[in-house]
Amino acid sequence: MSTNGMESWAVDLKDVGAIYPFQGSEVLMVIVGLVFWIGWHVIQTRNETAEIEADMTADRSGDETREAIDRY
Amino acid sequence: MEGNLNALTTIFTEFYYWVTIVMMFLIHVGFCTYEVGVSRRRNHLKTLMKNAMAIPLVTVTFYFFGWWIYFGFPNGPGIAGGLVTAPFAEPWNPLMGTHLSGVNPGETGVTPTDAALWHRLNGVFWGAFLLFSITTASIVSGAIIERARSGAFWIVAVLVGSVLWILDASWGWHPQGWMVKLWGYHDAYASGVVHAIAGGAALAFLIVLGPRIGKFRPDGTARDIPPHNVWLVTIGLFLIYTGFWGFYAACNIPLISPATIAGQITGETWTATNIYLGPTTLSAITFNFLMSLSGGMMAGYIVSKGDPFWTFSMGLCGVISASAGNDLYHPIQALLIGAIVPSICYKLHYFVERRFKIDDAVGAVAVHGYGGFLGVVVAGFMLWGQPSSPYEGFAHINPLGNFAGAVLMFVLGFAPTFVVCKILNSMNLLRVPAKVELEGVDFALNHAFEASVREVGTAEKAMIK
């Protein structure tokens, strides 16, 4: 048994199609890939929101902000 | 007609590898830029020269013996057979220079068969393998910055670049390598044979070398020593990504006929192959390179909370972790492997730093060592049961073979480097004294620079009327 159906290269390559593992699960892989992509945006947005909220509570006096502006 | 086709194929192949060599040189521009970006200002010049001088040192030693090791040792020797004769790779052979494929009267060590095959390919194959060699050595360089003696690194660079990696390539990255034959080892784009072995060597060097002064607080917790210039680090890593394209292309045979392979493949369809002469395509590795890079960068951004250094390093780790099977994976498989493995490596880096007080300045052991190791292990499962070779009688790809191979790669880098570093350390040749480390390893160079600036400035000002 082989994960791509090939157990030997004793074949004519013109008769061979896909050779990646787990053929037949393309739709599932696409779904998992989409979940990964959407999940990334969800987690990234949450993290960025938390970072912005922390920035909002920082530098109450404005001194560091003025220094940052001066540094350009 | 057939003769012209063969000639065209040979010249195409020669040009193909030549282009990969040029592309791979960018890896070293990237390494130099990256290491200088990570190091602090008082260590720039020595950091640059430490890495850059690995290029000529590995080049000359790879010419003298590295190339011959690759062809001489695929059987072990003593595991699957004896030492293999490879006169065309001996440094005194006429085929290790300009040659036009005939055999001159009295020319020794050159057979018509060797001459026909190697007269145009020897230099470009040697060059492509050499660029892998320099890369393997350079991976160690970044980990040890700001306190290792350059001379010690250069000795280790020759050991890793011109002996250890090419020995493991002969065993596990050669169409007739014993690991491929007996274990079904599969590592198409060198997760293990380049990255795991380099990571093992870097870890050994770091253990003997010790951390930079100030890296750990009195209570043993680690301080962050941030890069002095994150822009240089970014440019360096992107140059490494760019050069990595050449690395991938150079791992393939671009065009070959079933008859030339002389294995089991039937028919007349010409193909590109991996190093084991198993069919793949440039298209496949383009899909998979970019998807694994993307998986690494996306996961790296999340786990490092947007840290550029780690996001880009994890992109590299994504490619490295999928490289063992990127000739055969589906792109989404490459994406997921490229995301999951680097996340584990990132956690491992900080665990090892905290637990064992290892100061790896660039995360080389994590990105290359753990990433490469795990990449080989994952490929053993993902490609389970597939043929490792077009030749009959070779073991199939399997988890145990790849796991054992990954261990062998890491240990082959670790053990000899550990011994050599211990010897160098006992001779006070491994690490600069604490005073010099605090002054900065560029101290004398900086003084000379400032004296020159003062002198020429004074002379010029004296001429103002």
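**Figure 1. Residues that join α6(B) to α8(B).** From α6(B), B:Val156, B:Val160, B:Leu164, B:Trp165, B:Asp168, B:Ala169 and B:Gly172 take part. They meet B:Gly192, B:Val193, B:Val194, B:Ile197, B:Ala198, B:Ala201 and B:Phe205 of α8(B). By class, this contact holds 11 nonpolar, 2 polar and 1 charged residues. The model shown here and in the other views is predicted.

**Figure 2. Crossing of α6(B) and α8(B).** Helix α6 of chain B covers residues 150-172, and helix α8 of chain B covers residues 191-209. Their axes come within 10 Å. The crossing angle is roughly 140°. Angles over 145 degrees would count as roughly antiparallel, and 65 to 115 as roughly perpendicular. α6(B) and α8(B) are therefore oblique to each other. Their crossing is right-handed.

**Figure 3. Crossing of α13(B) and α14(B).** Helix α14 of chain B spans residues 364-382. Its axis and that of α13(B) come within 9 Å and cross at roughly 135°. This makes the two helices, α13(B) and α14(B), oblique. α13(B) passes α14(B) in a right-handed crossing. On the α13(B) side, the contact is made by B:Gln333, B:Ile337, B:Val341, B:Pro342, B:Ile344, B:Cys345, B:Tyr346, B:Leu348 and B:His349. On the α14(B) side, the residues are B:Ala366, B:Val367, B:Tyr370, B:Gly371, B:Leu374, B:Gly375, B:Val378 and B:Met382. The contact of α13(B) with α14(B) has 13 nonpolar and 4 polar residues, and no charged ones.

**Figure 4. The side of chain B that touches chain A.** Here 27 residues of chain B are in contact with 25 residues of chain A. α13(B) gives the most, with 5 residues. Sorted by class, the side of chain B that touches chain A has 15 nonpolar, 11 polar and 1 charged residues.

**Figure 5. An open sheet of 3 strands in chain B.** The strand order is β1-β2-β3, with antiparallel pairing. Strands of a sheet pair through backbone hydrogen bonds, either parallel or antiparallel. The edge strands are β1 (253-256) and β3 (279-280) of chain B. Each edge strand pairs on one side only.

**Figure 6. Pairing of β1(B) with β2(B).** Strand β2 of chain B comprises residues 271-273. It is joined to β1(B) by 2 bridges, and the two strands run antiparallel. B:Ile256 has its bridge partner in β2(B), at B:Thr271.

Conventions
Residues are numbered from 1 along each chain as its sequence is written. Chains are lettered from A and ligands numbered from 1 in the order in which they are written. This is a predicted model: local features need pLDDT of at least 70, side-chain atom pairs count only at pLDDT 80 or more; totals for chains, interfaces and linings use all residues. Two residues are in contact if their C-beta atoms, placed from the backbone, lie within 7 Å. Helices (H or I, at least four residues) and strands (E, at least two) are DSSP runs, numbered from the N terminus. Ala, Val, Leu, Ile, Met, Phe, Trp, Tyr, Cys and Pro count as nonpolar, Asp, Glu, Lys and Arg as charged, and the others, Gly among them, as polar. Two strands pair if DSSP finds at least two bridges between them. Axes are lines fitted to C-alpha atoms, for helices over the stretch in contact, and angles run from 0 to 180 degrees between N-to-C directions. Angles under 35 degrees count as roughly parallel, over 145 as roughly antiparallel, 65 to 115 as roughly perpendicular and the rest as oblique. A crossing is left-handed if the near helix is turned anticlockwise from the far one by less than a right angle, and right-handed if clockwise.
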